[in-house]
Amino acid sequence: MLEQLVKEVVIEGFKGVEEGRVELRPLTILVGANNSGKSTVLEALMLGAGPVRHAPYVIDGRRASALDVVRSLHATLEASGHAFLLRNYTSQRAFIALDLGYRVVATLFRLFEDGVRVYPVSYTHLRAHETEADLVCRL
């Protein structure tokens, strides 16, 4: 069985992170002060792998997607929609890319007047250091 370890996560405009990159090893421990981005990295890993894929959780009696799980973690914020995913609630877009070594999976969140739309992407030629602009140019 082929192990799909994430080698690097790239985050742009996601939650409190304007731009960031974290290289991962088979064992990576996230350590930092409160509000330093540890949970943001974990949520980026969960959503970057496929925001609408089924997660091993049940919410309100139904099988939940990764996006449902992250949203339920923020339910106490009383946020409506998915704007809480965008940097400081004001960014127009957020981008997460996970480098699996042999391919990159990415998720793009875009803010529109009627809410946030989610675009999961799997692209074998996108490198984790490239951005949404590189992705859009190639597609």
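Which residue in S2 does Phe14 stand opposite? Val17 is the residue facing Phe14, and this pair is a handy place to start a walk through the model, which is a predicted one.

Strand S1 covers residues 8-14 and strand S2 covers residues 17-23; the two run antiparallel and are joined by 6 bridges. Together S1 and S2 make a hairpin, with 2 residues between them. The phi of Lys15 is near 50°, a positive value in a residue other than glycine. As background, most residues other than glycine have a negative phi. Is Lys15 buried or exposed? Lys15 has a relative accessible area of 13%, and because the limit for buried is under 20%, Lys15 counts as buried.

Asn35 is not a glycine either, yet its phi is about 65°. Asn35 belongs to the loop between S2 and H1. Its relative accessible area is 81%, and since exposed means over 50%, Asn35 is classed as exposed.

Now step back to the whole chain. The protein chain holds 3 helices and 7 strands, and read from the N terminus their order is β-β-α-β-β-α-β-β-β-α. Of its 139 residues, 37% are buried. The chain exposes about 8,600 Å², and 52% of that area comes from carbon and sulfur atoms. If you take the contacts between residues at least 6 apart in sequence, 43% of them join residues at least 24 apart.

What lies inside? In soluble globular proteins, nonpolar side chains tend to be buried together. Here the largest nonpolar core has 20 residues, and the members that touch the most others are Val9, Ile11, Phe14, Leu47, Leu85, Ile96 and Phe109. Two or more residues of this core come from each of S1, helix H1 (38-48), helix H2 (66-73), strand S5 (93-99) and strand S6 (104-112). There is also a second, separate core of 7 residues, with Val10, Ala97, Val104 and Ala106 among them.

Leaving aside residues up to four places away in sequence, Val9 touches Gly20, Arg21, Val22, Val41, Ala44, Leu45, Ile96, Ala97 and Leu98.

Strand S3, residues 54-59, is the next stop, and His54 is part of it. Beyond residues up to four places away in sequence, His54 touches Arg63, Ala64 and Ser65. The C-alpha atoms of His54 and Ala64 are 5.8 Å apart, although 10 residues separate them along the chain.

Ile59 also has its place in S3. Which residues does Ile59 touch, not counting those up to four places away in sequence? They are Ala64, Asp68, Val69 and Ser72. Ile59 and Ser72 are 13 residues apart along the chain, with 8.1 Å between their C-alpha atoms. With a relative accessible area of 22%, Ile59 is partly exposed, because that class lies between the 20% and 50% limits.

Finally, look at the aromatic rings. The count of aromatic pairs comes to 1. Phe112 also has a charged neighbour: Arg117 lies over the face of its ring, at 4.1 Å from the ring centre.

Notes: Residues numbered from 1 in each chain as written. Predicted model: local features only at pLDDT ≥ 70, side-chain atom pairs only at ≥ 80, totals over all residues. Heavy atoms only, no water. Pairing = 2+ DSSP bridges. Helix = DSSP H or I, 4+ residues; strand = E, 2+ residues; numbered from the N terminus. Buried < 20%, exposed > 50% of the residue type's maximum accessible area, 1.4 Å probe, protein only. Contact = heavy atoms within 4.5 Å. Areas by Shrake-Rupley, 256 points an atom, 1.4 Å probe, with all protein chains shown as cover. Phe/Tyr/Trp six-rings, centres within 6.5 Å; stacked < 30°, edge-to-face > 60°. Lys NZ or Arg CZ within 6 Å of the ring centre and 35° of its normal. Core = buried A, V, L, I, M, F, W, Y, C linked by side-chain atoms within 4.5 Å.
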